[in-house]
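Q: Can you walk me through this one? I'd like to start with the aromatic rings.

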Amino acid sequence: MNANTEIDLDALHDAVVAAISAGMPSVASVQAYPDTSEPLSLPAVLVDLEDMEAAPDADPGTEQLAVRARWRARLILGFRTADVDRQVRKGAAQLAHLVHLNRWGQPVEPARVTLVGPDPFDPKLDQYEVWVVEWEQIVHLGASVWECPEGASVPETVYLGIEPETGPDHVGDYRQVAPEPDL
């Protein structure tokens, strides 16, 4: 079986937005990188990929670049929302639970929530009550060298040859390698 492991960052963004929209139906708007100078439909969740840091310890051995993707989703409520202080915290907790271990239906590692708390840092959002959920997940960028082209198959039998008895003249000297039994 050969599953495609090459990540499409557009598809990943779309999948995150779709999962949050589906998981939080009471949120009026879930968007990635919206124009915050335009009025927001509230409550809203704004999603962005903050940065990607190389993660050499997560190298999958596929010649893909392993990165630790750091994401942020801001839950935004209007100040006039009834019981806004409690509601924004409940909503952020719900969002964090939705993010926790989520793979978004994509070939990425499970999300690990790193922060849930108030977000006072964007002056464009001063007129709102804003809490942020931040998470990290390992993403492998680029194509795997182990991907088979369309129509090709993955070898199922492995043979071992020991130097110097290798090559076409020594095919009869090769031994079939048996798979390890499942424990």
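A: Ring pairs first, then. Rings of Phe, Tyr and Trp (its six-membered ring) pair if their centres lie within 6.5 Å; planes under 30 degrees apart count as stacked, over 60 as edge-to-face and the rest as tilted. This is a predicted model: local features need pLDDT of at least 70, side-chain atom pairs count only at pLDDT 80 or more, and totals for chains, interfaces and linings use all residues. Residues are numbered from 1 along each chain as its sequence is written, and side-chain values use heavy atoms, with hydrogens and water left out.

Q: How many aromatic pairs does the structure hold?
A: It holds 2 aromatic pairs.

Q: Where do tryptophan 71 and tryptophan 135 lie?
A: Tryptophan 71 is in strand β3 and tryptophan 135 in strand β5 (residues 128-141), so the pair ties together parts 64 residues apart in sequence. Helices (H or I, at least four residues) and strands (E, at least two) are DSSP runs, numbered from the N terminus.

Q: Are tryptophan 71 and tryptophan 135 buried or exposed?
A: Both are buried. Buried means under 20% relative accessible area, exposed over 50%, partly exposed in between (1.4 Å probe, protein chains only).

Q: And what about the pair of tryptophan 104 and tryptophan 135?
A: That pair is tilted, at 5.8 Å centre to centre and 45° between the planes. Tryptophan 104 sits in the loop between α2 and β4 (112-118), while tryptophan 135 is in strand β5, 31 residues apart. Tryptophan 104 is buried, as is tryptophan 135.

Q: Which residues line the largest pocket?
A: The lining is Met24, Ser26, Val27, Pro43, Leu75, Leu77, Thr81, Gln87, Lys90, Gly91 and Gln94. The largest share, 4 residues, comes from α2. Both β3 (65-78) and α2 (84-99) supply at least two residues each.

Q: How does the lining divide by residue type?
A: Into 5 nonpolar, 5 polar and 1 charged. Here Ala, Val, Leu, Ile, Met, Phe, Trp, Tyr, Cys and Pro count as nonpolar, Asp, Glu, Lys and Arg as charged, and the others, Gly among them, as polar.

Q: Pro43 is in that list. What kind of peptide bond joins leucine 42 and proline 43?
A: A cis one, with omega about -10°. Proline 43 is in the loop between β1 and β2 (44-54). A cis bond also joins glutamate 163 and proline 164, with omega about 10°. Proline 164 is placed in the loop between β6 (158-160) and β7 (175-177).

Q: Why flag those?
A: Most peptide bonds are trans, and most residues other than glycine have a negative phi.

Q: Then which residues other than glycine have a positive phi?
A: Tyrosine 33 has one of about 55°, and aspartate 83 has one near 55°. Tyrosine 33 is in the loop between β1 and β2, and it is partly exposed at 48% relative accessibility. Aspartate 83 is in the loop between β3 and α2. Its relative accessible area of 47% makes aspartate 83 partly exposed too.

Q: Which side chain makes a polar contact with serine 29?
A: Glutamine 31, at 2.6 Å. A polar contact is a pair of N or O atoms within 3.5 Å; within protein, one must be able to donate a hydrogen and the other to accept it, and residues adjacent in sequence count only if both atoms are side-chain atoms.

Definitions and conventions: 1 Å grid on protein atoms, 1.4 Å probe; cavity = no way out; pocket = protein on both sides within 12 Å on 5 of 7 lines; lining within 4 Å.
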